Number of protein chains: 2
Amino acid sequence: MCELLAMSANVPTDIVFSFSGLIRRGGQTGPHSDGFGICFYEHNGVREFKDYLASAESKIAQFLTTYPIKSKVVISHIRQANVGQVSLQNTHPFQRELWGKPWTYAHNGQMPIEHIPQPSEFTPIGQTDSEKLFCWLLSTLKAKSHPDATLDEVCSLMLSVCSQANQLGVSNILLSDGNYLFVFCSNRLSWITRRSPFGEAKLCDDDIKVDFSSVTTENDVVTVIATTPLTNNEHWHEMKPGELRVFKEGESVWQGYSEPVIHKKTADL
Amino acid sequence: MCELLAMSANVPTDIVFSFSGLIRRGGQTGPHSDGFGICFYEHNGVREFKDYLASAESKIAQFLTTYPIKSKVVISHIRQANVGQVSLQNTHPFQRELWGKPWTYAHNGQMPIEHIPQPSEFTPIGQTDSEKLFCWLLSTLKAKSHPDATLDEVCSLMLSVCSQANQLGVSNILLSDGNYLFVFCSNRLSWITRRSPFGEAKLCDDDIKVDFSSVTTENDVVTVIATTPLTNNEHWHEMKPGELRVFKEGESVWQGYSEPVIHKKTADL
């Protein structure tokens, strides 16, 4: 299975600590050695870094662990390929512009690509089911919503679309327009919100600790979402299958549930 | 004026030598200190690196000079801001998907943003005249052409659109779909094609030489396009105002001319 990582914060925050844990799963503590990608929103702009090499070996990933980019929304993904060759065009996160905003998306799961409806407004560049699903999801948003829709309207539509995706196969989704972070759990996602008083955290995948109280102010609110918890001394919330949760500025601002789907436990996705 | 750099090659080639010269113009040998960006096509995928810091000081730019990425098409830009704040969203190259391909674009010049027709299919994310022009150019391509159009049809349309842009103000353009590299000269662009027998080249902006014969094979064909020549011991072709030239696999495959426009020599653009 691929691994997902995201962050939503109320102040520009670096994600080096969490990212350091994630990338070790890309070929070292985990088998996800078919590339990685990470998008940092900074104001309305996006900085994207991708490699088709294993993140544990990628010089770009190593560079990022030494170069803290401060951001309020981050989406990242390490890949274990099942559909589509190992190449940049098949590397998440994927990105498209809608309503003058750069939307980014990462996915884990698997479904028969021919079961995904043909996207009307965007065309996949690569061969993955994930990117086709993204194009269909964003096409539906473009066709059925508008830039001035309320949060509740957008989230309800998103829940409906994610739920349809979930009927097609395992489909854990991270999606953002740089403001909101939409997180849909098909079968496996956890999240944690860190706020004052901050404590010490210890990575599961590496011998690294961080004392957040030394790098934050008392007003900071930082939520991290990951496929499985990245630290072993904190309490992470496990999301429910079928749950959509939306974060803004580090806070959970919307949640809704669709019918959970019992997915067959196939090989790792 | 911003500075442009592009490459088209018939084998994956690294652009570290040329890029090393360019980035010194971003705050050191030149005044273009408002960010830089570079896109590398690798198969159908794109790797993009951007910074809003001066390229001469950017750690990302420094990293790239030590990490040769091999690509057949590259587009790069260093920015001296005139419209739009210094931020990622206003940093070239810009990117949009059309017909399942990632199109990238960089521009130098300036025009009244309100004179650019409203783009129908794509929406600018930032505030620059350059990005609005890109959205309009790509919207026109989407509306008036199709994925199976011949090279001549696409180039003729592109020449017509670039010529209209040129009427609005200085508009030097680099555009690619990863296969073809379209280069439109409004007032300043030069290019050079290097092929066997390869010789030694010496950068204008740095004390760096490279002996291309030691890093190439006799079948390699590599074209580099830049605002002004990057080396001082080779013959570069100066493009004519109003000229569109299209490269593929390092070779010039199409050229056409529109009516040149005598642009007023305003301050540096």
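This is a predicted model: local features need pLDDT of at least 70, side-chain atom pairs count only at pLDDT 80 or more; totals for chains, interfaces and linings use all residues.
Figure 1. Strand β3 (residues 45-51) of chain A is mostly covered, since 7 of its 7 residues are buried. Gly45(A), Arg47(A), Phe49(A) and Asp51(A) point one way from β3(A), whereas Val46(A), Glu48(A) and Lys50(A) point the other way, and all of these residues are buried.

Figure 2. In chain B, 7 strands form an open sheet with antiparallel pairing, and their order is β3-β2-β4-β1-β12-β9-β13. Its edge strands are β3 (45-51) and β13 (237-238) of chain B, each of which pairs on one side only. Within the sheet, strand β1 (residues 3-13) of chain B and strand β4 (residues 71-78) of chain B are paired in the antiparallel sense over 7 bridges, and Ala6(B) has Ile75(B) as its bridge partner in β4(B). Helix α2 (residues 59-66) of chain B packs on the sheet, where it touches β2 and β3 of chain B, and its direction makes about 40° with that of β2(B). Helix α1 (residues 16-24) of chain B lies across β1, β2 (36-42), β4 and β12 (221-226) of chain B, and this helix runs at about 170° to β1(B).

Figure 3. Lys142(A) lies in helix α3 of chain A, which spans residues 129-144.

Figure 4. Side chains of opposite charge can pair when their charged atoms come close. In chain A, the side chains of Arg195(A) and Glu251(A) meet in a salt bridge at 2.9 Å, N to O. This pair links distant parts of the chain, with Arg195(A) in strand β9 (residues 190-195) of chain A and Glu251(A) in strand β15 (residues 251-257) of chain A, 56 residues apart. Arg195(A) is partly exposed, with a relative accessible area of 39%, and Glu251(A) is also partly exposed, at 32%. In chain B, a salt bridge is formed by Arg195(B) and Glu251(B), whose closest N and O atoms are 2.9 Å apart. Here too the pair links distant parts of the chain, Arg195(B) lying in strand β9 (residues 190-195) of chain B and Glu251(B) in strand β15 (residues 251-257) of chain B, 56 residues apart. The relative accessibility of Arg195(B) is 37%, which counts as partly exposed, and Glu251(B), at 30%, is partly exposed as well.

Figure 5. Salt bridges that share partners join Glu42(A), Arg47(A) and Asp51(B) into one network. In chain B, Glu42(B) forms a salt bridge with Arg47(B), with 2.9 Å between the closest N and O atoms, and both Glu42(B) and Arg47(B) are buried. Over all chains, a search of the whole structure finds 22 salt bridges.

**Figure 6. The interface between chain B and chain A.** The size of an interface is often given as the accessible area lost when the parts come together. Chain B and chain A bury about 2,400 Å² between them, and 61% of this area is on carbon and sulfur atoms. In chain B, the residues that lose the most area to chain A are Arg47(B), Glu97(B) and Ile125(B), which together account for 22% of what that side buries. In terms of contacts, 29 residues of chain B meet 29 residues of chain A. There are 4 salt bridges across this interface, and the side chains of Arg96(A) and Glu97(B) meet in a salt bridge at 3.0 Å, N to O. The elements that give two or more residues to the side of chain B that touches chain A are β3, α2, β5 (94-98) and β6 (101-110) of chain B, and the largest share of that side, 7 residues, comes from β3(B).

Definitions and conventions: Residues are numbered from 1 along each chain as its sequence is written. Chains are lettered from A and ligands numbered from 1 in the order in which they are written. Side-chain values use heavy atoms; hydrogens and water are left out. Helices (H or I, at least four residues) and strands (E, at least two) are DSSP runs, numbered from the N terminus. Buried means under 20% relative accessible area, exposed over 50%, partly exposed in between (1.4 Å probe, protein chains only). Two strands pair if DSSP finds at least two bridges between them. Contact means heavy atoms within 4.5 Å. Axes are lines fitted to C-alpha atoms, for helices over the stretch in contact, and angles run from 0 to 180 degrees between N-to-C directions. Buried area is the accessible area (1.4 Å probe) that two parts lose on being put together, summed over both.
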